[in-house]
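Please keep the sequence and the model in view while reading.

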Amino acid sequence: MSSGAPSTSGTPNTPSSHNEQAGPSTRLLHAGSPRLHGGSGPVNVPIVRTSTVRFENTAALHDHHHRRADGERVASYGRHGLDTHRALEDAVTSLEGGHRAFLTPSGLSAITLVLIALLSPGDHALVADSVYSPVRRVDSTLLQRLGITLEYFSPSQDDLAAKIRDNTQLIYLESPSSLLYEVLDLPALTAIARARGIPVATDNTWSAGWFHQPLKLGANISIQAATKYIAGHSDVMQGIVVTDSPQLSARIATAYEALGLTIGADDAYLALRGIRTLPVRLAQHQRHATAIAEWLQSHPKVQRVFYPALPSDPGHALWKRDFTGASGLISFELSHSISAQEADAFVDALQYFAIGASWGGYESLALIAAPERLREHSIWTGTQPVVRLHIGLEDPVDLITDLAQAFDRLSGRERQRLAA
Ligand SMILES: *Cc1c(COP(=O)(O)O)cnc(C)c1O
């Protein structure tokens with residue numbers, strides 16, 4: 001960790017997160033592991049819940065205040081978080097390869113934190129049009145009222161340099177996006193921003209920070225919904241913001257404190273517990289999703305499969321260059337003969353896929369992507385309903401059997417419609 005902050009790890013018998021030579025799994029599993037006291041201690045950091053922080057004397061209190069003012073991650077009040085929070089911050093900072101991490105109550109609050117921290121009245125920001133769609137609601141319900149202008153652009157079709165204005169203060173991206181998985185050319189986009197001194201923030205939820213490290217490709221802030229793969233069990237809401245420099249950390253910290261943001265120690269613990277198994281879970285999500293994406297691609301009722309690890313995906317070349325793996329999200333456009341009602345009936349017929357938003361847990365999910373959301377994406381040229389699947393950790397043969405029976409019912413329904 002380069003934050004200069006005290007780490008919870010680092011004694012000789014807790015292989016430390018400071019060892020940058022260690023492999024990524026080793027670093028992730030040992031980041032933030034607790035110190036031993038009196039010769040022994042638990043493997044996991046305890047859940048430290050508190051509102052009030054007690055001090056030995058007033059000198060200790062003053063010392064804490066000074067160290068906090070200097071940017072050290074020490075707590076003088078419960079809102080600042082104690083050991084559990086520090087350990088999770090260390091783990092996600094290590095995961096993303098950044099300077100400092102901020103923990104927020106949801107992925108969306110992590111996004112809003114960055115927008116509010118870096119934009120002021122009169123400012124302009126350029127936002128990838130494939131962005132997680134609630135960002136547009138933050139824009140219309142909050143930022144516009146504050147006199148901040150977001151402009152949506154197509155990272156693959158527009159010239160970013162030509163869109164930058166004198167008052168452009170942020171470039172906000174997401175790669176791949178969470179519906180059609182457009183992969184962005186991050187090194188090219190960040191080079192344009194860097195030449196003009198404009199910070200780049202990017203939503204890295206899809207890769208969970210494990211398959212992709214945007215800060216190493218020139219982005220300045222990486223955001224994740226830890227709700228998804230980091231927590232990994234569909235049982236916690238959480239966001240993270242990881243910065244690349246002390247300057248940006250200070251700007252984010254100021255807004256974070258002003259907004260009174262914090263998370264509960266229990267939720268920090270759940271995310272820490274999840275992060276220790278992130279590499280194995282993601283390897284399995286990837287293996288199963290790849291098998292299912294390939295199967296879907298050859299199904300006659302499927303027009304097109306969106307999954308960057310497939311050579312047919314438009315983002316495949318960039319994905320291969322900038323990512324080390326693919327997660328469990330697949331979308332597919334149904335074939336021309338299928339109506340919107342039949343698409344709904346297809347999803348209803350699935351047995352193992354729960355119908356619901358979010359993703360990143362151990363379980364499989366299915367959702368129909370609303371056409372109005374797809375139209376916001378400039379790369380969308382289709383006409384048919386799109387189904388988004390999250391491929392969980394079930395046996396892939398069962399998921400394929402399930403999809404096959406739902407397609408068979410779809411064919412039956414179609415035959416009835418054509419015969420009527
Ligand atoms: C889910 C999601 C978010 C928002 O996270 P919440 O924890 O649900 O608020 C942000 N970005 C992406 C890409 C997501 O998938």
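**From one residue to the whole chain**

S178 counts as buried because its relative accessibility is 11%, where buried means under 20% relative accessible area, exposed over 50% and partly exposed in between, with a 1.4 Å probe and protein chains only. The model is predicted, so that local features need pLDDT of at least 70 and side-chain atom pairs count only at pLDDT 80 or more, while totals for chains, interfaces and linings use all residues. Residues are numbered from 1 along each chain as its sequence is written, and side-chain values use heavy atoms, with hydrogens and water left out.

S178 sits in the loop that runs between β4 (168-174) and α7 (186-195); helices (H or I, at least four residues) and strands (E, at least two) are DSSP runs numbered from the N terminus. Leaving aside residues up to four places away in sequence, S178 is in contact with Y132, L329, W359 and R388, contact being heavy atoms within 4.5 Å.

The ligand has 14 residues around it, of which G107, L108, D203, T227 and K228 come nearest; a residue is included if one of its heavy atoms lies within 4 Å. This shell divides into six nonpolar, five polar and three charged residues. Here Ala, Val, Leu, Ile, Met, Phe, Trp, Tyr, Cys and Pro count as nonpolar, Asp, Glu, Lys and Arg as charged, and the others, Gly among them, as polar. Helix α4 (residues 107-118) gives the most to the shell, with three residues.

In helix α12 (residues 340-349), the buried residues include E342, A343, A345, F346, V347 and A349. Their cover includes β9 (329-334), β10 (354-355), β11 (365-369), β12 (386-390) and α14 (396-419).

Across the chain, 55% of the 420 residues count as buried. Among contacts between residues at least 6 apart in sequence, 74% join residues at least 24 apart.
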